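Hello,

Here is the structure I said I would pass on. My notes on salt bridges and nonpolar cores follow below it.

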Amino acid sequence: MTSFWTEENVKSTLPKRETSAHKGTYGTGLLLAGSEDMPGAALLSGLGAMRSGIGKLEIGTVEEVIPYVVPILPEATYLRNGLQKTAEDNVDLDKYKAIAAGPGLEPVEETEKAIHQLLKLDCPVLLDAGALSERSYKKRQSPVILTPHPGEFSKITGVDVKELQQNRPHLASVWAKKLGVTIVLKGNETICAFPNGEVWANPTGNSALAKGGTGDTLTGMMLGMLCCHKDWKHAVLNAVYLHGACADKWSEKRSAHTMLAHELTELLPEVWKRFE
């Protein structure tokens, strides 16, 4: 059975920012993102993470991308050539509270080797875009979260896109249980299917999100919320809800044709405040 994650659910599960908290309270997140051809993916997902409750963000990206990101996101720190170092098992990954990989990456051997290292860890691992491939997942204590759009879902499962669109909640649930992962199937009324059979649909969002970069922003938001929520499921569901709510806020006074992905994170502070 599929239920909607509601405004009341969000209000009751968003974390409070404790007065005695410091950046260590909310942990360090690692974001493996961006490439020479897609430098903006690192920035968009980085902005999403920094706006979403994370204590400290480290962006692992190729050296050429860093000068583009730093002027707009000086709050982050950087792991130079982070994907390569992760693939070579040359990074202390145990220090991270949550890790996201995929925006702006290519689905190549180096990416696959890096993901193999990530899946050895005991922290939430979020995979998107170039980190999504057909693979099996060994059972682990912490969650694996996949965030495919329909075409990516088809690539990792073999399910035809037309068949998928006719029964999105059911097929997302079937494959979440089969792979032992959480699947966030993006689209109209985004589906969050958990490996225990729990399925939620998201009521927020509109066609303003049908534009490049919005998925990168969601990945970053989810990473940030995984770092500040006590319950990782709430982090996933609230990130999806608030991401859509930002698009709804945009469309109240502006055309859905005109929104840019980075404007989601500009709207997020005001939208989030409504639910506190």
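Lys95 is partly exposed, its relative accessible area being 48%; here buried means under 20% relative accessible area, exposed over 50%, and partly exposed in between, with a 1.4 Å probe and protein chains only. Its salt-bridge partner is Glu58, with the closest N and O atoms 3.8 Å apart. A salt bridge is counted when a side-chain nitrogen of Lys or Arg is within 4 Å of a carboxyl oxygen of Asp or Glu. Glu58 sits in strand 3 and Lys95 in the loop between helix 5 (82-87) and strand 5, so this pair ties together parts 37 residues apart in sequence. Glu58 counts as buried, at 10% relative accessibility.

The model is predicted: local features need pLDDT of at least 70, side-chain atom pairs count only at pLDDT 80 or more, and totals for chains, interfaces and linings use all residues. Residues are numbered from 1 along each chain as its sequence is written, and side-chain values use heavy atoms, leaving out hydrogens and water. Helices (H or I, at least four residues) and strands (E, at least two) are DSSP runs numbered from the N terminus.

Searching the whole structure gives 10 salt bridges. Two others besides the pair above:

- Glu112 with Arg135, closest N and O atoms 2.8 Å apart. Glu112 is in helix 6 (residues 109-118) and Arg135 in the loop between strand 6 (125-127) and strand 7 (144-146), 23 residues apart. Glu112 is partly exposed at 33% relative accessibility, while Arg135 is buried at 13%.
- Glu270 with Lys249, closest N and O atoms 3.3 Å apart. This pair joins helix 12 to helix 11, and so ties together parts 21 residues apart in sequence. Glu270 is partly exposed, at 47%. Shared partners join Lys249, Glu252 and Glu270 into one network of salt bridges.

On the nonpolar side, a core is a set of buried Ala, Val, Leu, Ile, Met, Phe, Trp, Tyr and Cys residues joined through side-chain atoms within 4.5 Å. The largest has 51 residues, and those with the most contacts inside it include Leu57, Ile59 and Met222. Elements giving it two or more residues include helix 3 (39-50), strand 3 (56-61) and helix 10 (214-228). Helix 11 supplies the largest share, 11 residues. Leaving aside neighbours within four places in sequence, Met222 is in contact (heavy atoms within 4.5 Å) with residues including Leu126, Ile145, Val184 and Val240. A second, separate core of 39 residues includes Leu30, Leu146, Leu185 and Ile191.

Regards
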